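Student: Could you take me through how packed helices are read in a model, and then through some other features of the chain?

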Amino acid sequence: MDGGGGPMIASVSGRVAAVSPDGAVVEVGGIGLAVQCTPGTIARLQVGENARLSTSLVVREDSLTLYGFADDDERQLFELLQTANGVGPRLAQAVLAIHPPREVRRAVSTADVKALMQVPGIGKKGAERLILELRDRLGATTSDTSLDAPAPAGLPSVTPVAPWRDQLTSALVGLGWTAKEADGALARLAPVADEQIAATGVVEVAVLLRQALQLLGRS
């Protein structure tokens, strides 16, 4: 059922029917495919517009889960991360939610344990294990040109890691709120972002997105 080890669905292209905090629904041939995405990828999508997502299908005994990415490089790194001991699809996606592919490669190649520990679910031992197991597989950062590559067809040209405010604003507007409503929620969440930066050095966009949706849902 694993298709010989290769991806059974390597990409999807079609109209974005819905966007949620954790993913999107893309209509392909009259079928709505639910795709799990990071906040950075969600921020690129607009309901009603066409999009192309590179995808990886994770097959379990009781489920089929499709993960979507802005480009093939993210998908390949997602799959490569899972070759490390103890790394499943959710943790691999969490890595890419915090760091773009180039930063992941840099952190592994330079043994930057602190950078990898910024990912929720990765402690010091887990980061050291990732570095040990993946250093020879990820390749050099100098050959990574994904940041300079054009955006995939159907997706707007966006810097892979935008400031957290821009990511959240784009995601909230894509979910149907106005820019003014999004700005109001972000203003209330700014202290939370400051606390995250002070504690870990990074803003957890996925956490803030869920909190923003809770705030907007009450208003």
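Tutor: The crossing of α4 and α6 is left-handed, a term used when the near helix is turned anticlockwise from the far one by less than a right angle, with right-handed used if the turn is clockwise. This is a predicted model, in which local features need pLDDT of at least 70 and side-chain atom pairs count only at pLDDT 80 or more, while totals for chains, interfaces and linings use all residues. Residues are numbered from 1 along each chain as its sequence is written, and side-chain values use heavy atoms, with hydrogens and water left out.

Student: At what angle do α4 and α6 pack, and how far apart are their axes?

Tutor: Two packed helices are described by the angle between their axes and the distance between the axes. Axes are lines fitted to C-alpha atoms, for helices over the stretch in contact, and angles run from 0 to 180 degrees between N-to-C directions. Here α4 and α6 pack at an angle of about 115°, with their axes 8 Å apart.

Student: Which residues of α4 and α6 meet?

Tutor: Contact means heavy atoms within 4.5 Å. On the α4 side these are Val104, Arg105, Ala107, Val108 and Ser109, which meet Leu130, Ile131, Leu134, Arg135 and Leu138 in α6. By class, this contact of α4 with α6 has seven nonpolar, one polar and two charged residues.

Student: Which residues of α2 are buried?

Tutor: Buried means under 20% relative accessible area, exposed over 50%, and partly exposed in between, with a 1.4 Å probe and protein chains only. In helix α2, residues 72-81, the buried ones are Asp73, Glu74, Arg75, Leu77, Phe78 and Leu81. Their cover includes α1, β4, β5, α3, α4 and α6.

Student: What caps the N-terminal end of α2?

Tutor: A polar contact is a pair of N or O atoms within 3.5 Å; within protein, one must be able to donate a hydrogen and the other to accept it, and residues adjacent in sequence count only if both atoms are side-chain atoms. The cap is Asp71, with a side-chain oxygen 3.2 Å from the backbone nitrogen of Asp73.

Student: Is Thr55 buried or exposed?

Tutor: Thr55 counts as buried because its relative accessibility is 0%. Thr55 lies in strand β4, residues 50-60, and its side chain reaches the backbone oxygen of Ile9 at 2.5 Å.

Student: How many helices and strands are in the chain?

Tutor: Helices (H or I, at least four residues) and strands (E, at least two) are DSSP runs, numbered from the N terminus. The chain has nine helices and five strands.

Note on methods:
Ala, Val, Leu, Ile, Met, Phe, Trp, Tyr, Cys and Pro count as nonpolar, Asp, Glu, Lys and Arg as charged, and the others, Gly among them, as polar.
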